[in-house]
Protein chains: 2
Amino acid sequence: MSDTSTAFAPASIGNLGVGFDMLGLALTGVGDRVTARRGRDGVRIADVFDPSGEPHPVLSRDPGRNTASIAARALWQAHGDGGGIELEIHKGVPLQSGMGSSAASAVAGAVAVNALLEDPLPTRDLLPFALEGERYASGGIHADNVAPSLLGGMVLCPPALLPNAIPLRTPEGVSAVLVHPELKVHTADARRSLAESVSRQQWIDQQGYLAGFLTACAYGDLDLMRATLKDIVIEPQRAASVPCFPAIRDAALDAGALGVSLSGSGPSVFALVATGLAGELALAMETACGAQGVECQSWVSPMTAPGARLEH
Amino acid sequence: MSDTSTAFAPASIGNLGVGFDMLGLALTGVGDRVTARRGRDGVRIADVFDPSGEPHPVLSRDPGRNTASIAARALWQAHGDGGGIELEIHKGVPLQSGMGSSAASAVAGAVAVNALLEDPLPTRDLLPFALEGERYASGGIHADNVAPSLLGGMVLCPPALLPNAIPLRTPEGVSAVLVHPELKVHTADARRSLAESVSRQQWIDQQGYLAGFLTACAYGDLDLMRATLKDIVIEPQRAASVPCFPAIRDAALDAGALGVSLSGSGPSVFALVATGLAGELALAMETACGAQGVECQSWVSPMTAPGARLEH
């Protein structure tokens, strides 16, 4: 049992377009890092740093208002020894980006504190604690960022089955490309503006796409992935808040994407694509975004990105 | 190229509870049989027999009003040689039973006529022709009976992906039990009475169950099948037309069913269950049905039941 631990948790693509609130994919190359140290009473935040290592200009040090500390506190209260914990949070995921920023912090907080427990829990048992953080950020219990950030890869996590979350096999030779335009979308606001009902036809069509997509992934059928990686319900309601989306989407499809949609509630846009085309696709999406006068950054990631890890 | 052919097509469980309009399972031991013979102009019906071999008391001999001849005619008009076809239809599937009676006739008609073509089509290419028959019977294009009757086993066939229909792997050691209470439900009427919209929560929950069920089948996870074989949207709307349903359902769950729901629009009720418990389960469901004062018949079937076959 150590007195300090550091965990990294990756960013993720929530919804993965076709699976609103129930499907997510971990990313590589971008995530949050949380160091937990034994300290005085309760769970406190010592520091929050931005990606350049400066004190974060926006995020609160109030432990009741940061997903890392909320998750850490939930775990510590349930399984800790009554001592105190101090957290140091290094944000790597851009805020309000649709890249699962709040989930990455929550997962990293839970994984870091778990290492300080006398009997650390198995990784998958940390999900409910990380979800406590996500609940604060988004106003609901959905695990489509938390579960892939914790477990890695592509994860199915329907709200009705939580805390069960099922890591899925993914087809070989397919990668994810994510482009983050420099805009901000507030997840909880984006959720409140969604229609409260869908037509029977929309329900059946969207459910059919998800069923087909999961089958395509299980069987490695890229033609079926292309036919099913669609969001006909949520994307049309959210696309207006990301004016550059249509241009990025069209560029992605022209460059060979199997499908493209908003990541979470946006503004980030993701595509799945045969790995050999991923670099070119990222460039095409970035170029299209830039042509709309919006700065952006992109990441390319296998569908088998690892989940959270303890660094020391 | 022969002058006569006979095809058998099995009954099926439409929707399979969890996958309204997009999931179906073939049954063994019950189906329709159609003999096609070269005859005079066009596609005609020579005879329709009931299961006891008597002239059928209900079904029309008008080729525009029987799904077998409608499917046969669609295929023959597209690929036939301009000669005539006479059909002899042996109904084995009870009418308005929720067992895919109209689909079995349509599939048997298409398969029988296919054998008389100079260049018979591959089996899966018969789906659109069989669907023409189903469209007449139910007023919509959904393949959840036609596809399993044609292809066998469990088939995913979302309307938005048709004519693509995807045979799915099923877990070993699981069987289907179907109980047919002696009531009739008219499919097209049952469909018209369904609500035109669902809440976002219902959509997400039901879609989550289907996604989980397909994953459970792909991975052979019976606990997950048990957690996901549910229909929270359609079954509550239809159960009132099958008064004996709650008693049969409860008996099935008590006897170890993984899940239980209406087959198609009812009145038949199906359950999935570990194969070792299937006989006992069928008995329990029959007993519960009988205790409601309703005669019934039951079938037990593996999840790998074969699809339509040419008999000679």
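Predicted model: local features only at pLDDT ≥ 70, side-chain atom pairs only at ≥ 80, totals over all residues.

Analyst: Helix 10 of chain B lies across strand 7, strand 9, strand 10 and strand 11 of chain B, and runs at about 20° to strand 7 of chain B.

In chain B, four strands form an open sheet in the order 9-10-7-11, with antiparallel pairing. Strand 9 and strand 11 (296–302) of chain B are the edge strands; each has a single partner strand, so one side of each is left without a neighbour in the sheet. From one strand to the next, the twist averages 20°. Within this sheet, strand 7 (residues 174–181) and strand 11 of chain B pair in the antiparallel sense over seven bridges.

How do the two helices lie relative to each other? Two packed helices are described by the angle between their axes and the distance between the axes. For helix 9 (residues 245–254) and helix 10 (residues 278–291) of chain B, the packing angle is about 155° and the axes are 8 Å apart. Angles over 145 degrees count as roughly antiparallel, and helix 9 of chain B is therefore roughly antiparallel to helix 10 of chain B. The crossing of helix 9 of chain B and helix 10 of chain B is right-handed. On the side of helix 9 of chain B, the contact is made by B:A247, B:I248, B:A251 and B:A252. Helix 10 of chain B contributes B:L281, B:A284, B:M285, B:A288 and B:C289. Sorted by class, the contact between helix 9 and helix 10 of chain B has nine nonpolar residues, no polar residues and no charged residues.

B:P267 lies in the loop between strand 9 (259–262) and strand 10 (269–274) of chain B. The peptide bond that leads from B:G266 to B:P267 is cis, with omega near 5°. As background, most residues other than glycine have a negative phi, and most peptide bonds are trans.

The corresponding part of chain A may now be considered. Chain A has an open sheet of four strands in the order 9-10-7-11, with antiparallel pairing. Its edges are strand 9 (259–262) and strand 11 (296–302) of chain A, each with a single partner strand, so one side of each is left without a neighbour in the sheet. The twist in this sheet averages 20° from one strand to the next. Strand 9 and strand 10 (residues 269–274) of chain A pair in the antiparallel sense over four bridges. Within that pairing, A:V260 stands opposite A:A271 in strand 10 of chain A. Helix 10 (residues 278–291) of chain A packs on the sheet and touches strand 7 (174–181), strand 9, strand 10 and strand 11 of chain A.

In chain A, helix 9 (residues 245–254) and helix 10 pack at an angle of about 155°, with their axes 8 Å apart. Helix 9 of chain A and helix 10 of chain A are therefore roughly antiparallel to each other, and helix 9 of chain A passes helix 10 of chain A in a right-handed crossing. Residues in this contact include A:I248 of helix 9 of chain A and A:M285 of helix 10 of chain A. The contact of these chain A helices has nine nonpolar, no polar and no charged residues. In the loop between strand 9 and strand 10 of chain A lies A:P267, and the peptide bond from A:G266 to A:P267 is cis, with omega near 5°.

Finally, how is chain B related to chain A? A rotation of 180° with 0.0 Å of shift along its axis superposes chain B on chain A, with an RMSD of 0.0 Å. That is the relation of a two-fold axis. Of the interface residues of chain B, 100% are also interface residues in chain A, so the copies meet through the same surface.

Technical notes:
Residues numbered from 1 in each chain as written. Chains lettered and ligands numbered in written order. Heavy atoms only, no water. Least-squares fit on C-alpha atoms with pLDDT ≥ 70 in both. Contact = heavy atoms within 4.5 Å. Axes fitted to C-alpha atoms, helices over the stretch in contact; angles between N-to-C directions. Helix = DSSP H or I, 4+ residues; strand = E, 2+ residues; numbered from the N terminus. Parallel < 35°, antiparallel > 145°, perpendicular 65-115°, else oblique. Left-handed = near helix turned anticlockwise from the far one by under 90°. Nonpolar A, V, L, I, M, F, W, Y, C, P; charged D, E, K, R; others polar. Pairing = 2+ DSSP bridges.
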